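Subject: Structure handover

Hello,

Here is the structure for you to look through. My notes follow below it.

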Amino acid sequence: MMQLLSSQPDPVETPIGQLYRCHWLGLLTAIRQRVSSQEDAEDILLDVFLAAMENSMLTQMSDQRQEAWLRRVAYNKCIDFHRRGTRRPAQPLNDDIEQLSDENTLTPERAILRQEELAQLQEHLASLSTAQQEVLRLRFADELPCAQIAVRMHKSEGAIRTMLSRTLNLLRGIYKQRREEGSRHE
């Protein structure tokens with residue numbers, strides 16, 4: 001078995017993959033100094049490399065200019081993150097979690113609303129691709145880090161982070177649209 005694994009050719013690394021491998025730790029450390037939550041810092045790091053994927057000129061820059069560009073984008077993403085936080089301050093989830101976990105205290109109306117919300121969530125999750133459902137399950141239900149998910153799904157860690165980010169953004173978009181439609185009907 002070991003011979004089979006060692007005889008397989010190494011996957012070809014993309015230029016963005018090389019950039020990620022070289023700079024992710026330094027960028028994450030810099031982002032972490034500006035953002036208090038590890039999860040938020042990881043999300044910002046993912047956004048930086050998504051921006052890098054969209055910049056066709058980045059791979060033509062010198063190594064120093066690439067690093068400077070990545071650091072500037074990371075800085076700007078941190079600023080954007082804090083701006084969003086001042087417009088929509090984060091609410092602590094502890095109150096919501098306590099309320100959701102204590103099912104005995106729910107009023108009948110609240111219990112029905114919760115059942116409807118869970119049914120809608122299941123519907124939205126069912127509309128995702130199998131791979132998107134799997135990455136969400138492994139990350140949030142099994143609480144695996146992206147590196148372990150990448151091994152299980154036979155993908156690069158960067159690909160998993162991208163898929164996770166895009167899937168969460170898709171779900172956020174669905175819920176945002178639902179809230180906006182709900183407020184229009186009130």
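Start at leucine 45. Beyond its neighbours within four places in sequence, leucine 45 is in contact (heavy atoms within 4.5 Å) with Tyr20, Trp24, Leu27, Leu28 and Ile31.

Before going on, note that this is a predicted model, where local features need pLDDT of at least 70, side-chain atom pairs count only at pLDDT 80 or more, and totals for chains, interfaces and linings use all residues. Residues are numbered from 1 along each chain as its sequence is written, and side-chain values use heavy atoms, leaving out hydrogens and water.

Next, the cores. A nonpolar core is a set of buried Ala, Val, Leu, Ile, Met, Phe, Trp, Tyr and Cys residues joined through side-chain atoms within 4.5 Å. Buried means under 20% relative accessible area, exposed over 50%, partly exposed in between (1.4 Å probe, protein chains only). The largest core has 19 residues. Leu27, Ile31, Leu45, Val48, Phe49 and Leu70 touch the most other members. Helices H2 (15-34), H3 (38-54) and H4 (63-87) each supply at least two of its residues. Helices here are DSSP runs (H or I, at least four residues), numbered from the N terminus. H3 gives the most, with 7 residues. Another core lies apart from this one, with 13 residues, including Leu128 and Cys146.

Last, alanine 150. This residue lies in helix H8 (residues 146-153). Is alanine 150 buried or exposed? It counts as buried, because its relative accessibility is 5%. Beyond its neighbours within four places in sequence, alanine 150 is in contact with Lys155, Ser156, Glu157 and Ile160.

Best wishes
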